[in-house]
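Okay, everyone, let's look at this one together.

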Amino acid sequence: MTSGAARVLRRLGERGETLAVAESLTGGLVAAELTSVPGASQSFRGSVTAYATTLKRDLLGVEGALLDERGAVDPDVALAMAAGVRRNLGADWGVSTTGVAGPDAQDGKAVGTVYVAVSGPGGVQKVAELRLNGGRADIRKESVRSVLELLSGELGENARAQDTEQNGGN
């Protein structure tokens, strides 16, 4: 997993941009993966582990009505968490994880249902729904890998778009 974190941090560093993380089911694993990379402090601002649903509302600004209606395991909740941590920690990019690692279903969602999201400059908002298999540790590990991959994809796309603009659209 470190290669995904290193790749994301390298791209952020090249762009002079920062990252904040909001985590639920991963419980700090995304932040731990990022901070395992030497020099992470250049781009990584920090994280909020909002395991309790009320913290998603109170610390990350997820609408209470959305949480009441759909529960914490929802694509719009994931997007709101990413946007909220980005705003609250003053970062260029925010990512989030929310889902069900098990052993029991939650909010009517099966074990292995996970949403990872990215919020970034220029209105970038992307969420991915995952249906993961395995035990609790496997689901959490794959969630970390997936959110870093989602961000990496956005950084790559945006880097190519900026390069095209700077080089006359060629």
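So, the largest pocket: 16 residues line it, and Tyr 51, Gly 99, Val 100, Ala 101 and Gln 106 lie nearest its centre. By pocket I mean, on a 1 Å grid over the protein atoms alone, an open set of points where a 1.4 Å probe fits, with protein on both sides within 12 Å along at least five of seven lines; lining residues have an atom within 4 Å of a point. Two elements give two or more residues to that lining, helix H3 (53–60) and strand S3 (93–99). Helices (H or I, at least four residues) and strands (E, at least two) are DSSP runs, numbered from the N terminus.

Quick caveat: this is a predicted model, where local features need pLDDT of at least 70 and side-chain atom pairs count only at pLDDT 80 or more, while totals for chains, interfaces and linings use all residues. Residues are numbered from 1 along each chain as its sequence is written, and side-chain values use heavy atoms, leaving out hydrogens and water.

Now, H3 again. It packs with helix H5 (residues 75–89) at about 40°, axes 9 Å apart. On the H3 side, the contact (heavy atoms within 4.5 Å) is made by Lys 56, Leu 59 and Leu 60; H5 brings residues including Met 81 and Arg 87.

Gly 102 and Pro 103 are joined by a cis peptide bond, omega about 15°. Asp 107, though not a glycine, has a positive phi of about 50°.

Key
Axes are lines fitted to C-alpha atoms, for helices over the stretch in contact, and angles run from 0 to 180 degrees between N-to-C directions.
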